[in-house]
Amino acid sequence: MMSPKVSLICTPNYSIYMLNEEIAKIRNGVRDFTEEVDWRPASPTGILYLCAELHRENIQVDILDLHFQFYKCKMNGYFLNNNLQDFFEDFLVKFLKDNEPNYVGISALFNTSFSTARDISKLVKSYNKKTTVILGGNL
């Protein structure tokens, strides 16, 4: 029997509304709320522990940290020409195509990221209805 493929995804730690608001402010050259909110990426410790246990069981695991990816895109000007939907297509959908997971674990650390986790779950299921989605974190 072939071992299942697992993908673990860290959501951006903010709501869809806040992410879209951030992108709009970037495009308009307005000082953004990140001056008041800490966007710095942190190691997704829970996912890393889970990854270690799955590896111990010889299960293939891939990790996508969308919080860190959003931060990098914010810093490199990606959002001057792209929106949130483009971001999810360019990074999440590409990740799913490259890895073809049987299971996707989504970590949402804060209640503000619930809408983001929900939308990511829908996108995963629209990509492949057979993929099992598991939500975890502090929600």
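The expected span of a helix is 1.5 Å times one less than its number of residues, a handy rule for the first close-up of this predicted model.

**View 1. Helix α5, end to end.** Ser 115, Thr 116, Ala 117, Ile 120, Ser 121, Leu 123 and Val 124 are the buried residues to look for here. Their packing partners are α1, α3, α4, β3 and β4 (132-137).

**View 2. The largest nonpolar core.** Here we're looking at 26 residues, with Phe 79, Leu 84, Phe 87, Phe 88 and Leu 92 making the most contacts inside the core. At least two core residues come from each of α1 (16-27), α3 (66-76), α4 (84-99), β3 (103-108) and α5 (114-127). The largest share, seven residues, belongs to α4. In general, nonpolar side chains of soluble globular proteins tend to be buried together.

**View 3. Around Phe 79.** Setting aside neighbours within four places in sequence, Phe 79 touches Ile 23, Ile 26, Arg 27, Phe 70, Cys 73, Lys 74 and Phe 87.

**View 4. Two loop residues with positive phi.** Most residues other than glycine have a negative phi. Asn 58, not a glycine, has a positive phi of about 60°. You'll find Asn 58 in the loop between α2 (45-56) and β2 (60-65), exposed at a relative accessible area of 66%. Glu 100 also has a positive phi, near 45°. Glu 100 sits in the loop between α4 and β3 and is partly exposed, at 39% relative accessibility.

Methods: Residues numbered from 1 in each chain as written. Predicted model: local features only at pLDDT ≥ 70, side-chain atom pairs only at ≥ 80, totals over all residues. Heavy atoms only, no water. Core = buried A, V, L, I, M, F, W, Y, C linked by side-chain atoms within 4.5 Å. Buried < 20%, exposed > 50% of the residue type's maximum accessible area, 1.4 Å probe, protein only. Helix = DSSP H or I, 4+ residues; strand = E, 2+ residues; numbered from the N terminus. Contact = heavy atoms within 4.5 Å.
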